[in-house]
Amino acid sequence: MMKKAIMSAYGFLKYSSPLRTDCGKLCNKQCCSREDMGMLLFPGEEKLFEDDKDFSLKKDSGGRNLLFCSGVCERKKRPISCRIYPLFPYTYLENGEMKQKVVYDLRGINSCEIVRTQTKAQRIFFSSVRKAGKSLLKDPECAGLLVEISREIDDIIKLNEDIGGI
Ligand code: SF4
Ligand code: SF4
């Protein structure tokens, strides 16, 4: 059975999108055109795609599941990574407690117009990502991935500081 945390996250992110208008027109849908990259799946989420001919699965070097698509999909099938992008529920430990804040996903700094120009996302989208993040945090494996990606975002911030960007 699919994890409750994942199904709740899907539910929170069912309808919302970053902007009122179609942001794909800003960038020619960059985030759906990066076939070589694959989308990182949350632990357990791969079960939703195992028998779906529209998608394929591979592991990355760290054993994490990556999802590959054709660049077009049914909206209701999008994985969490696509649903929350270009925001991310940044997750960190403070005083022994896991905390979250919704940030721009800086992994997209060179490809996403919203991230690059820090365009304000709709409040409802921001709130949906926040709720989905809280839900994923309740599952220890999903929480682990949130922390891992948050560290990757930290690394990008650090790298950009070192070269005088951001
Ligand atoms: S890359 Fe950014 S601006 Fe372009 S479609 Fe994806 S979320 Fe929208
Ligand atoms: S799964 Fe859908 S939303 Fe995600 S990259 Fe592929 S086409 Fe785009």
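Leaving aside residues up to four places away in sequence, Y90 touches K99, Q100, K101, V103, S150, R151, I153 and D154, where contact means heavy atoms within 4.5 Å. The structure is a predicted model, in which local features need pLDDT of at least 70 and side-chain atom pairs count only at pLDDT 80 or more, while totals for chains, interfaces and linings use all residues. Residues are numbered from 1 along each chain as its sequence is written, chains are lettered from A and ligands numbered from 1 in the order in which they are written, and side-chain values use heavy atoms, with hydrogens and water left out.

Y90 belongs to strand 4 (residues 87–94); strands (E, at least two residues) and helices (H or I, at least four) are DSSP runs, numbered from the N terminus. Y90 counts as buried because its relative accessibility is 12%, the limit being under 20% relative accessible area with a 1.4 Å probe and protein chains only. Between Y90 and V129 there are 10 Å in space, C-alpha to C-alpha, at a spacing of 39 residues in sequence.

Turning to strand 3 (residues 65–68), N65 and L67 point one way and L66 and F68 the other, and all are buried. In a regular strand, side chains alternate between the two faces of the sheet. Strand 3 pairs with strand 1 (residues 39–40) in the antiparallel sense over 2 bridges, pairing being assigned if DSSP finds at least two bridges between two strands. Here M39 stands opposite L67. Strand 2 (residues 56–59) also runs antiparallel to strand 3, joined by 4 bridges, with S56 and F68 as bridge partners. These two strands form a hairpin with 5 residues between them, and G63 in the turn has a positive phi of about 80°.

Now for the ligand. Ligand 1 is surrounded by C23, G24, C27, Q30, C31, Y85, P86, C112, E113 and I114, each with a heavy atom within 4 Å. Helix 2 (24–27) and helix 4 (113–117) are the elements that give two or more residues to this shell.

Terms used:
Buried < 20%, exposed > 50% of the residue type's maximum accessible area, 1.4 Å probe, protein only.
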